[in-house]
Amino acid sequence: MNPIQTEDSTRELRARTEGLLRALGAKTPEPGELSARTPITGGELLTLRPSSAAEVDAAVERAAAAFRDWRTVPAPQRAAVVRRLAQLLVEHQDELGELVTLEAGKIGAEARGEVQEMIDICEFALGLSRQLYGRTMPSERPGHRLMETWHPLGVVGVISAFNFPVAVWAWNTALALVCGDTVVWKPSDMTPLTALACHSLVQRAAVEVGANPEVHQLIQGGGEVGAQLVGDSRVALVSATGSVRMGQIVAPRVAERFGRCLLELGGNNAAVVTPSADLDLAARGIVFAAAGTAGQRCTSLRRLIVHADVVGPLVERISSAYRQLRVGNPLADGVLVGPLINGRSYTAMQEALARAQADGGELICGGERVEGFGDDAFYVRPAIVRMPAQTAVVREETFAPILYVLTYHDLDAAIELHNGVPQGLSSAIFTRNQRDAERFLAADGSDCGIANVNIGTSGAEIGGAFGGEKQTGGGRESGSDSWKAYMRRATNTVNYSTELPLAQGIRFE
Ligand code: NAD
């Protein structure tokens with residue numbers, strides 16, 4: 001373990017943060033009521049002023065004004081901003097990664113990985129800028145051409161969660177900019193500093209390639225600042241990432257004004273392990289998915305549905321790996337599990353564990369707080385709980401490292417258990433039986449937006465569309481044809497004949 005002397009450490013982390021912000025080109029913010037803390041010690045790094053209502057209004061106005069010209073810049077030219085952003089991210093990968101560790105508590109490898117994901121999506125968007133294809137369909141009328149064209153949509157309001165403070169922004173922003181939209185970003189009020197750094201990088205990228213830096217705006221604050229953005233009818237698309245609770249407020253507000261919504265909400269992800277599974281491989285995949293990022297990924301593995309014949313040996317493998325996991329300061333080498341974001345998460349975890357045990361769950365290992373990091377820092381050992389049934393607490397997303405283990409005898413029953421939760425983000429099956437794998441991926445198999453075979457539920461690549469069903473919100477971001485959410489489609493019919501035939505053979509003479 002690597003105990004931290006909290007006061008000295010916070011002072012040192014503050015100095016480190018200021019140095020990183022400078023290296024990333026971000027000005028030290030004006031002090032204010034918004035407190036940027038580090039979960040490493042729970043101490044305050046800096047304070048900022050949240051955006052006032054007038055500032056939010058002005059940011060949307062600037063983004064709307066910038067859109068008027070930006071939409072007519074050819075897409076491959078718009079991509080120059082994203083190309084430059086990717087170069088800056090490569091140059092500053094370590095610094096931005098470290099800032100993510102300081103502010104969100106991710107271990108170094110995962111924080112660097114998050115920045116790598118930003119670079120990957122920029123490269124994807126760069127190629128996409130020459131592939132915003134529309135179709136041409138055969139017209140039923142002679143001398144006519146029928147086609148569709150894709151046009152920029154407008155201002156995109158991006159609301160992001162604390163646990164992916166930079167990658168989710170990049171998924172949205174790289175695509176939105178290439179698609180001809182402008183962006184107003186409201187990051188989590190728990191991660192305002194990484195947002196300052198990203199804003200400064202994208203502004204610099206725009207200026208250096210001769211584009212208008214007003215295409216990207218940053219506003220800071222909590223839910224009330226987000227709510228103003230959501231209610232603003234100049235914002236064509238609200239792309240919101242966070243809890244189901246937040247989505248339930250945001251979706252009706254956007255629908256009321258007929259805006260568009262892209263929702264990436266909570267998950268309650270499960271893996272099914274069949275009797276034929278390679279248990280060593282399964283255990284490795286499960287440990288990373290369940291304990292990695294201290295269980296604070298939307299795709300974290302929360303439920304394990306294991307065939308009765310293999311549950312004993314599998315749980316044995318996982319719990320012995322859990323006992324060896326180093327929990328501690330995410331800046332230290334060899335640490336695999338960093339802190340929870342704050343005391344609220346710790347309380348939520350303890351409450352969930354108590355409820356699970358009251359429901360007859362058996363705590364196999366973990367759940368206890370790891371001491372030595374001060375009163376305001378919350379480090380926990382990842383927990384495994386064997387459950388007799390999928391009770392209410394198991395059907396909820398607790399944003400902490402708890403893995404509930406359930407047992408099955410028949411694959412149909414396993415799939416029913418798997419789908420028997422309100423969320424529908426990510427899922428996996430571990431098996432060497434192709435029939436079982438195909439059954440899981442079929443129409444009556446997993447009901448999630450992501451369904452994997454022989455890999456865990458977390459750690460998606462940017463090439464595929466990312467998102468989930470049911471209470472996860474139905475949105476798709478990142479790769480494949482997710483770009484269509486950021487554009488509007490026009491159907492065009494062109495008559496190049498001298499006649500005026502009507503569709504459906506209608507005669508109007
Ligand atoms: P959160 O819902 O508390 O906050 C998310 C964002 O929404 C923040 O920026 C917050 O300020 C804003 N917000 C809150 N209330 C709002 C309102 N009324 N109007 C507008 N904006 C509002 O979530 P969190 O604790 O930051 O993140 C964890 C949650 O996010 C988990 O549920 C996790 O599963 C989910 N998540 C989902 C994905 C995904 O892609 N599906 C990715 C990351 C996180």
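1. Threonine 17 sits in helix 1; helices here are DSSP runs of H or I with at least four residues, strands are E runs of at least two, and both are numbered from the N terminus. Threonine 17 counts as buried because its relative accessibility is 0% (buried is under 20% relative accessible area, exposed over 50%, partly exposed in between, with a 1.4 Å probe and protein chains only). Leaving out residues up to four places away in sequence, threonine 17 touches Leu45, Leu46, Leu99, Leu102 and Leu193 (contact means heavy atoms within 4.5 Å).

2. A word on the model. This is a predicted model, where local features need pLDDT of at least 70 and side-chain atom pairs count only at pLDDT 80 or more, while totals for chains, interfaces and linings use all residues. Residues are numbered from 1 along each chain as its sequence is written, and side-chain values use heavy atoms, with hydrogens and water left out.

3. On confidence, the protein averages a pLDDT of 97, and 99% of the residues score at least 70 (pLDDT is the predictor's confidence in each residue, from 0 to 100).

4. Now helix 6 (residues 167-178): it is largely enclosed by the rest of the structure, since 12 of its 12 residues are buried. Among them are Trp169, Trp171, Asn172 and Thr173. Glycine 180 follows helix 6 with a positive phi, near 95°.

5. Helix 10 (residues 279-291) has buried residues including Leu279, Gly285, Ile286 and Val287. The buried residues of helix 10 pack against strand 10 (269-273), strand 11 (301-307), helix 11 (311-324), strand 14 (402-408) and strand 16 (426-430). At the start of helix 10, a side-chain oxygen of aspartate 278 comes to within 3.2 Å of the backbone nitrogen of aspartate 280. Just after helix 10, threonine 293 has a positive phi of about 55°.

6. Finally, the domains. The protein splits into domain 1 (7-265 + 473-489) and domain 2 (269-461), with bounds from an automatic or database domain assignment. Taken over C-alpha atoms, their centres are separated by 30 Å. In contact are 22 residues of domain 1 and 24 residues of domain 2. Between them the domains bury about 1800 Å², 62% of it on carbon and sulfur atoms (buried area is the accessible area, 1.4 Å probe, that two parts lose on being put together, summed over both). Ile40, Ile107 and Glu110 supply 28% of the area domain 1 buries against domain 2, more than any other three residues.

Terms used:
A polar contact is a pair of N or O atoms within 3.5 Å; within protein, one must be able to donate a hydrogen and the other to accept it, and residues adjacent in sequence count only if both atoms are side-chain atoms.
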